[in-house]
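Let us walk through this structure together, one step at a time. Have the sequence beside you as you read.

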Amino acid sequence: MQLTAPATRRTATRDADGMAVASFILGLLGLLVLNLFLGPIAIALAGVALWRGTTRRGRAYLGLGLGVADLVVLVAFMQMDNTVSWSF
């Protein structure tokens, strides 16, 4: 007995597109706050969206780049402060 409708190609593409947008937003937000958590999540979402064949490839690549930038910013601030966290 199946409780939900089977996933169609259209649903899978829409889900992948949503993941691409979410990775972009989380990567952008991660530059400001919680980059230790939001950066890897943005990278993972972008990777899954690209693997599933999103139609928003540019947004997924931006999310991937911003996720990596989140981690680079974190490492740069950690090197300047000599701490695990950073603040302005």
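Helices here (H or I, at least four residues) and strands (E, at least two) are DSSP runs, numbered from the N terminus.

Before going further, a word on where this comes from. This is a predicted model, in which local features need pLDDT of at least 70 and side-chain atom pairs count only at pLDDT 80 or more, while totals for chains, interfaces and linings use all residues. Residues are numbered from 1 along each chain as its sequence is written, and side-chain values use heavy atoms, with hydrogens and water left out.

Now for the overall plan. The protein has three helices and zero strands, and along the sequence the pattern reads α-α-α. Of its 88 residues, 26% count as buried; buried means under 20% relative accessible area, exposed over 50%, and partly exposed in between (1.4 Å probe, protein chains only).

Back to the pair we started with. Two packed helices are described by the angle between their axes and the distance between the axes. H2 and helix H3, residues 57-81, pack at about 155 degrees with their axes 8 Å apart. The axes are lines fitted to C-alpha atoms, for helices over the stretch in contact, and angles run from 0 to 180 degrees between N-to-C directions. H2 and H3 are therefore roughly antiparallel, since angles under 35 degrees count as roughly parallel, over 145 as roughly antiparallel, 65 to 115 as roughly perpendicular and the rest as oblique.

Which residues of H2 and H3 meet? Among them are Leu-36, Ile-43 and Leu-50 from H2, and Ala-60, Leu-64 and Leu-71 from H3. By class, this contact has 14 nonpolar, four polar and two charged residues. Here Ala, Val, Leu, Ile, Met, Phe, Trp, Tyr, Cys and Pro count as nonpolar, Asp, Glu, Lys and Arg as charged, and the others, Gly among them, as polar.

Pro-40 sits in helix H2 and touches Asn-35 and Leu-71, not counting residues up to four places away in sequence; contact means heavy atoms within 4.5 Å. Pro-40 is partly exposed, at 36% relative accessibility. On the H3 side, Val-75 is also partly exposed, at 44%. Val-75 and Leu-36 are 39 residues apart in sequence, yet their C-alpha atoms are 9.5 Å apart.

Next, look inside. The largest nonpolar core has five residues: Met-19, Ala-20, Ala-49, Leu-50 and Ala-60. Beyond its neighbours within four places in sequence, Met-19 contacts Leu-45, Val-48, Ala-49 and Arg-52.

Finally, visit the loops. Arg-52 lies between H2 and H3 and is partly exposed, at 39% relative accessibility. Leu-34 belongs to the loop between H1 and H2 and is exposed, with a relative accessible area of 54%. Most residues other than glycine have a negative phi. Leu-34, although not a glycine, has a positive phi of about 50 degrees.

Conventions:
Core = buried A, V, L, I, M, F, W, Y, C linked by side-chain atoms within 4.5 Å.
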